[in-house]
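Open the model in your viewer and keep the selection tool at hand. The stops below follow one another, each with something to select.

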Amino acid sequence: MKDEQSKGISAPPALTVLGWDAFFENAMAPYAGEGMIPARVVRQDKGIYTVQAQSGRLAAGLAGRLRHDAASQTDLPVVGDWVALKPQQSDGLAVIQAVLERRSYFSRKEAGMRTDEQMLCANIDTAFIVSSLVGERGFVPRRIERYLTLVWNASVEPVVLLNKLDLCEDVESHVSQTEEVAPGVPVYAVSALTGEGTEEIFAHLNPGKTAVLLGPSGVGKSSLINALLGEDSVKTGQVRADDGRGR
């Protein structure tokens with residue numbers, strides 16, 4: 001707590017564990033005097049958001065002004081955003097009044113002919129780029145390079161995870177090739193099935209920091225999350241035989 005106090009952070013510990021710091025406190029300052037509280041978006045479901053506030057998890061909707069004034073979808077909250085929140089109203093929902101300035105974010109272009117930007121998540125500190133060592137969706141250094149470019153452009157720290165170590169017979173060669181396209185980036189060969197190598201990941205998971213797993217379908221992202229949590233918290237499926245993607 002000494003380090004947090006030296007930076008002028010006045011938020012309760014529950015929020016600092018979620019990543020609240022002086023950057024977001026400064027962004028919250030214009031709203032703090034209007035009876036609003038800070039909260040972080042942890043889930044989004046068709047216009048209803050689950051947010052984590054100091055008091056616990058709340059269901060929240062968007063203020064009409066925020067929805068009306070948004071120039072594009074990128075101005076609306078996504079998972080990872082810090083928001084200025086009016087506490088629970090008569091209908092049982094809290095109300096998101098504003099999205100605080102983002103430190104980082106990931107986005108992509110909308111599918112099809114449209115060129116709109118689709119916001120994916122915000123305020124990420126570390127991105128785990130997951131690649132499979134085997135299979136149809138297996139080891140492709142050029143794909144890892146593309147994900148690295150995405151992560152570096154977002155000013156986020158990358159870490160590469162080469163999954164399915166238990167099925168690969170030439171791990172050292174794959175690690176060496178990855179290190180060539182990812183200079184200076186931590187590269188770990190891991191197995192979500194056996195847990196081998198996953199202990200290295202915990203060095204990059206710290207209180208107050210947010211991580212995301214990136215990678216194509218079928219490389220084992222959900223299985224890795226379950227291995228790290230020690231429980232089957234995320235549904236997984238077998239990889240399809242025809243295209244190597246997750247079910």
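Start with R103, which is partly exposed because its relative accessibility is 38%. This is a predicted model.

Next, select R102 and D81. A salt bridge joins them, the closest N and O atoms being 2.8 Å apart. R102 is in the loop between β5 and β6, D81 in the loop between α4 (64-69) and β4 (82-86), and 21 residues separate them. Both R102 and D81 are buried.

Move to helix α5 (residues 141-153), where E145 and R142 lie three residues apart, about one turn of the helix. Their salt bridge has its closest N and O atoms 3.5 Å apart. E145 is partly exposed at 32% relative accessibility, while R142 is exposed at 59%. The structure holds four salt bridges in total.

Now find the largest pocket, with a volume of about 1,200 Å³. Of its 32 lining residues, select those closest to the centre: V79, T210, A211, V212 and I225. Elements giving two or more residues to the lining are β1 (37-45), β7 (117-122), β11 (211-214) and α7 (221-229). The lining divides into 20 nonpolar, seven polar and five charged residues.

The structure holds zero disulfides.

Key. Residues are numbered from 1 along each chain as its sequence is written. This is a predicted model: local features need pLDDT of at least 70, side-chain atom pairs count only at pLDDT 80 or more; totals for chains, interfaces and linings use all residues. Side-chain values use heavy atoms; hydrogens and water are left out. On a 1 Å grid over the protein atoms alone, a cavity is a set of points where a 1.4 Å probe fits but cannot get out, and a pocket is an open set with protein on both sides within 12 Å along at least five of seven lines; lining residues have an atom within 4 Å of a point. Grid points are joined across faces, edges and corners, and a volume is the space filled by probe spheres set on the points. Helices (H or I, at least four residues) and strands (E, at least two) are DSSP runs, numbered from the N terminus. Ala, Val, Leu, Ile, Met, Phe, Trp, Tyr, Cys and Pro count as nonpolar, Asp, Glu, Lys and Arg as charged, and the others, Gly among them, as polar. A disulfide is a pair of cysteine sulfur atoms within 2.5 Å. A salt bridge is a side-chain nitrogen of Lys or Arg within 4 Å of a carboxyl oxygen of Asp or Glu. Buried means under 20% relative accessible area, exposed over 50%, partly exposed in between (1.4 Å probe, protein chains only).
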